[in-house]
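Have a go at each task before reading the solution.

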Amino acid sequence: MAGRLEGKVALVSGAARGQGRSHAVRLAQEGADVIAFDLCGQMSTVPYPMATSDDLKETVQQVEELDRRIVAREADVRDSAAVKAVVDEGVAELGGRLDIVCANAGICTFGENVWSLTDEQWDETIGVNLTGVFKTIRAAVPHMIQAGNGGSIVITSSTAGVKGMTRIGHYVASKHGVVGLMRTLANELAQYSIRVNTVHPTGVDTPMVNNDYMQSFLADAPEMAQNMQNALPVEMVEPVDISNAIVWLCSDEARYVTGITVPVDAGFLNR
């Protein structure tokens, strides 16, 4: 049986591990070929280990094991030229079309409060989580329009994109920012049958959260742990739960769904 995304090409940023890898694999399972990229390096303000070249190679292997094609490159989502080069190369190699964009790359760092954040913390978080989304979409949209097949753009926001949270004001600002970007793009791209939505996960069991630094931090910051509480009896959702929502948003089943925020939050408390 053909998958729901058979014959389509999907772009995934932050694809080396965690949610990004899960999205790339699920999209491939549904029939899509994949363009994938990730920084594969450490950023100075990020206190937990970030993805590596080996992680990206593992994503490639998992997609290829599904008999789907993948073009994977190391690129910084903040670097306009690098992102454009990845997208242009991937589209050319995968048949000249682009149908799906998963603007997923993101980081999370912490401060005592907004006014104690350093310029570097603010700039790196906004640069990846908001400006990086803009640069990814800017590189992708001309290909989607030129192909003339419509398509779907899904931006990864967060429960922090719908409410305020202490100690991560820069993260909250970035995740609120992509919602405004999504709503504008949904209006601008509707004439091309390109739909744009955001997904809003609660805590997700990925290496960004499930590491020694983060677990120690959450143990010492109960208000942060409270921010990740769910009504349903799960501590965290799995990456595939987000991926399944994205697959639906990118499928014909959601062909008239655009301009909305989609929670994947297990009944996230304190809405």
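**Exercise 1. The α1/α2 pair**

Which hand does the crossing of α1 and α2 have, left or right? Work out the geometry of the pair, then list who touches whom.

*Solution.* One thing to keep in mind throughout: this is a predicted model.

Step 1: get the geometry. Helix α1 covers residues 18-29 and helix α2 covers residues 53-64; the two pack at an angle of about 15°, and their axes are 9 Å apart. Angles under 35 degrees count as roughly parallel, so that's the label for α1 relative to α2.

Step 2: settle the hand. α1 and α2 cross in a right-handed way.

Step 3: find the contact residues. On the α1 side you have Arg21, Ala24, Val25 and Ala28, and they meet Asp55, Glu58, Thr59, Gln62 and Val63 of α2. Sorted by class, the contact of α1 with α2 comes to 4 nonpolar, 2 polar and 3 charged residues.

**Exercise 2. A residue on α2**

Find Gln61 and decide on its class: is Gln61 buried, partly exposed or exposed?

*Solution.* Gln61 sits in helix α2.

Step 1: check accessibility. Gln61 has a relative accessibility of 41%, so Gln61 counts as partly exposed.

Step 2: compare sequence and space. Gln61 and Ala36 are 25 residues apart in sequence, and their C-alpha atoms are 12 Å apart in space.

**Exercise 3. Helix α4 and its two partners**

At roughly what angle do α3 and α4 cross?

*Solution.* Step 1: start with α3. Helix α3 (residues 80-93) and helix α4 (residues 119-147) cross at roughly 35°, and their axes come within 9 Å. The crossing of α3 and α4 is right-handed. From α3, the contact draws on Ser80, Val83, Lys84, Val87, Asp88 and Val91; from α4, on Lys135, Thr136, Arg138, Ala139, Ala140 and His143. By class, the contact of α3 with α4 splits into 5 nonpolar, 3 polar and 4 charged residues.

Step 1: turn to α5. α4 and α5 pack at about 15°, with 8 Å between their axes. That makes this pair roughly parallel. The α4/α5 crossing is right-handed.

Step 2: look at the α4/α5 residues. From α4, the contact includes Trp122, Ile126, Leu130, Phe134, Ile137 and Ile145, while α5 brings residues including Tyr171, Val178, Leu181, Leu185 and Leu189. By class, the contact of α4 with α5 has 14 nonpolar, 7 polar and 1 charged residues.

**Exercise 4. Zooming in on Ile145**

Which residues is Ile145 in contact with, leaving aside its neighbours within four places in sequence?

*Solution.* Step 1: locate Ile145, which belongs to helix α4. At 31% relative accessibility, Ile145 counts as partly exposed.

Step 1: list the contacts. With those neighbours set aside, Ile145 touches Leu189, Tyr192 and Ile194.

Step 2: take one of these partners. Ile145 and Ile194 are 49 residues apart in sequence, yet 8.2 Å apart C-alpha to C-alpha.

**Exercise 5. Zooming out**

How many helices and strands does the protein have? Go on to its overall dimensions.

*Solution.* Step 1: count the elements. There are 8 helices and 7 strands.

Step 1: The C-alpha trace spans about 50 × 35 × 35 Å along its principal axes.

Step 2: look at burial and contacts. Of the 271 residues, 57% count as buried. Among contacts between residues at least 6 apart in sequence, 76% join residues at least 24 apart.

Key. Residues numbered from 1 in each chain as written. Predicted model: local features only at pLDDT ≥ 70, side-chain atom pairs only at ≥ 80, totals over all residues. Heavy atoms only, no water. Axes fitted to C-alpha atoms, helices over the stretch in contact; angles between N-to-C directions. Helix = DSSP H or I, 4+ residues; strand = E, 2+ residues; numbered from the N terminus. Parallel < 35°, antiparallel > 145°, perpendicular 65-115°, else oblique. Left-handed = near helix turned anticlockwise from the far one by under 90°. Contact = heavy atoms within 4.5 Å. Nonpolar A, V, L, I, M, F, W, Y, C, P; charged D, E, K, R; others polar. Buried < 20%, exposed > 50% of the residue type's maximum accessible area, 1.4 Å probe, protein only.
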